[in-house]
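Subject: Handing over the two-chain model

Hi,

Here is the structure I promised to pass on. Have a look at it first, and then read my notes below.

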Amino acid sequence: MTDAVRVESLYKTYDTGTPVTALDGVSAAFEAGTFTAVMGPSGSGKSTLLQCAAGLDRPSAGRVFLGGAELTATGDTAMTKFRRERAGFVFQDYNLLPALTVEQNVVLPLRLARRRADRGRAREVLGTLGLAERAGELPERLSGGQRQRVAVARALVGRPAVIFADEPTGALDLRSAREVLALLRTTVRDFGRTVIMVTHDPMAAAYADTVLFLADGRLAGQLSAPTAEAVAAHLTELVAA
Amino acid sequence: MIAIALRTLRHRPGGFAATFLSAFLGAALLMAFASLLDTAAGADEASAESLGTTASVAGGWCLVIVVFAVTSTLSLAVRQRGDQFAVLRRAGATGPQLRRMIVGEAVAVAVLAAGVAVPVGLAGGRVLLGLLKDTGQVADGVGYAFGPVALAAGFGVTLIGAVIAGFATSRRTSRMGVKRERPRARRIAAGLFLGAAAGCAVLTATVMDGKGIDAMQTAGQAGIWGSLGLALLAPELLRLTGTSVRLASAVMPVTLFSGIATGTVYMQGIEDDAAAGQIQPDYARDIQTLNYVVVGMITVFVAIMLVNTLIAATVHRRREFAQLRLAGATRGQVTAMVAAEALRVTVTGILAGSAASLFTILPFGSARAGEIWPSASIAPYAVIAAIAVLLTATATLGTTRRSIRGPALPQA
């Protein structure tokens with residue numbers, strides 16, 4: 001199996017008066033076609049890891065490979081172009097543009113990449129996610145769960161190799177959360193995508209194939225075929241340690 | 001890219017109201033003055049010279065103020081939508097793409113504003129010509145013309161201002177990661193403006209000494225450059241008084257207003273005193289009228305800019321107010337807090353403006369009346385300060401009251 005994403009000894013220091021180390025030498029590989037959850041206490045560096053791995057932020061040191069090519073070696077614009085070809089994003093706060101309709105939001109990454117804004121593809125994805133009838137509406141008319149499904153549709157529309165999700169269920173009720181998680185799992189199982197998801201919720205992490213734990217900017221264990229109970233137990237240990 | 005930008009504009013036109021208004025007013029003023037040059041093309045030599053002087057002196061003031069106002073309102077509008085640009089960034093927009101969007105929006109607003117300004121500029125130019133005829137400076141037979149110079153000045157300056165403002169703002173926004181304020185360029189510009197002010201002031205007190213009313217040209221400029229320079233230093237001035245630097249955008253218009261208004265009104269006052277009993281060049285009354293007209297127009301212009309900046313700044317803090325209310329602050333307490341801030345903004349702005357006006361008053365007094373400190377009444381100054389306080393108070397408190405009306409519920 002090849003690695004969809006690989007990070008090598010990532011360091012990230014934020015310089016806000018007193019320097020804060022968010023990542024302290026993290027190396028990890030994410031196999032293609034797998035669903036990985038990244039967990040850890042607040043301030044463990046899990047969101048920073050995701051942002052660096054996804055090319056949204058630059059590590060202070062270390063290397064990031066996306067689909068075998070090094071992301072960290074390129075400039076800002078090249079990095080953006082690279083990431084919009086190969087990665088999709090889902091965030092806690094949906095990140096939809098209020099001025100654009102559901103469909104326009106979904107095809108936004110394609111339009112930014114000057115790829116043909118394929119309406120058929122957008123409709124197809126929206127249909128899969130049960131949003132076909134909402135295509136012409138503005139996001140403000142949608143519930144939180146529906147908005148997050150639009151965000152997932154936007155992440156899927158360009159057929160990216162990797163989908164990065166940062167607390168995708170953080171703002172959702174239990175039912176919507178389960179729908180979104182099931183969707184993410186389907187994209188991995190049925191469409192061969194790779195999903196990397198940051199979460200603090202053991203129930204959400206249990207949808208993944210593997211859980212990676214972080215504490216104080218370092219790797220702190222790994223669980224395969226996780227259950228919510230096992231994840232919660234590991235987390236409790238981390239916090240206590 | 002431009003299509004996305006235009007859709008955003010249509011969705012939230014309110015965010016660009018201030019930019020539109022300042023571009024509109026600026027274009028109208030510029031067109032009015034520039035149309036005098038169109039008129040001069042068909043006038044006798046003496047009339048043409050007078051028209052040319054009026055247009056270039058007053059038009060020059062407007063130019064600087066327009067570019068400043070469009071830049072500051074546009075960067076405010078863009079900054080308020082920072083989260084939207086972050087979304088676009090995450091959706092894969094590159095820095096150059098964002099820049100094209102921001103500049104595209106700015107140009108769209110500017111073209112629209114300049115277009116709407118055409119009839120207003122035309123009417124304004126007619127009024128100006130009427131004033132010049134009434135004071136006998138332009139021959140009665142000269143017909144009004146509104147042509148290529150007026151249109152080029154109105155559209156050209158507004159567009160160029162918008163493009164410059166768009167680029168300057170997008171440079172900050174399109175950068176990756178944490179946005180850091182980079183005060184170097186602003187401080188350098190402030191230094192240059194203050195240098196120009198000092199230069200004009202020295203010129204006034206030396207070269208223009210004894211040149212009578214002509215000293216107004218350099219003296220007036222000195223005050224304008226000084227006001228602009230100090231307005232750009234608003235964040236530093238606020239830090240001196242221990243007030244939140246966020247309010248800097250509100251201090252700028254107060255500084256400009258009090259600086260230019262005080263400087264010009266006292267300069268004309270000194271001139272009036274010095275001219276009493278002397279034989280005056282025939283354009284003295286002309287200049288007097290023009291001075292008051294310009295002060296009036298700049299006052300209206302800056303006042304609108306001030307009110308808009310304050311409303312935008314206060315609306316932007318809706319969330320902060322809501323959190324204060326949730327934490328148990330009464331509506332009265334929130335209002336009192338805002339009032340105290342507004343007071344500090346006004347006082348800082350008025351003090352900076354007063355300092356800037358000295359660039360005009362001191363050298364002009366020395367050149368024209370032979371006394372550095374004018375023996376003038378304090379009344380006009382008090383009126384200007386009162387107008388500044390009134391404008392700030394009305395804008396801030398009105399908006400605050402509206403945004404904290406209703407129960408202390410969390411806002412989405």
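Let's start with a strand pair in chain A: β3 (residues 35-39) and β9 (residues 210-215) run parallel and are joined by four bridges. Strands here are DSSP runs of E with at least two residues, helices are runs of H or I with at least four, and both are numbered from the N terminus. Two strands count as paired if DSSP finds at least two bridges between them. Within this pair, V38(A) sits opposite L212(A) of β9(A).

Some housekeeping: this is a predicted model, in which local features need pLDDT of at least 70 and side-chain atom pairs count only at pLDDT 80 or more, while totals for chains, interfaces and linings use all residues. Residues are numbered from 1 along each chain as its sequence is written, and chains are lettered from A and ligands numbered from 1 in the order in which they are written.

Back to the sheets. That strand pair belongs to an open, six-stranded sheet of chain A with mixed pairing, in the order β6-β7-β8-β3-β9-β10. β6 (87-91) and β10 (218-224) of chain A are at its edges with a single partner strand each, so one side of each has no neighbour in the sheet.

Chain A also has an open sheet of four strands, ordered β2-β1-β4-β5 and paired antiparallel. Here β2 (18-31) and β5 (69-70) of chain A are the edge strands. Eleven bridges link β1 (residues 3-16) of chain A to β2(A), and R6(A) faces A29(A) across that pair.

Over in chain B, helices α9 (residues 234-241) and α10 (residues 248-275) pack at about 105 degrees, with their axes 9 Å apart. Axes are lines fitted to C-alpha atoms, for helices over the stretch in contact, and angles run from 0 to 180 degrees between N-to-C directions. α9(B) and α10(B) are therefore roughly perpendicular, the word used for 65 to 115 degrees. A234(B), P235(B), L237(B) and L238(B) of α9(B) meet A248(B), V251(B), M252(B) and T255(B) of α10(B); a contact means C-beta atoms, placed from the backbone, within 7 Å.

Finally, how do the chains meet? The contact takes 19 residues from chain A and 16 residues from chain B. On the chain B side, α1 (2-11), α4 (82-90) and α5 (95-134) each supply at least two residues.

Cheers

Terms used
Two residues are in contact if their C-beta atoms, placed from the backbone, lie within 7 Å. Angles under 35 degrees count as roughly parallel, over 145 as roughly antiparallel, 65 to 115 as roughly perpendicular and the rest as oblique.
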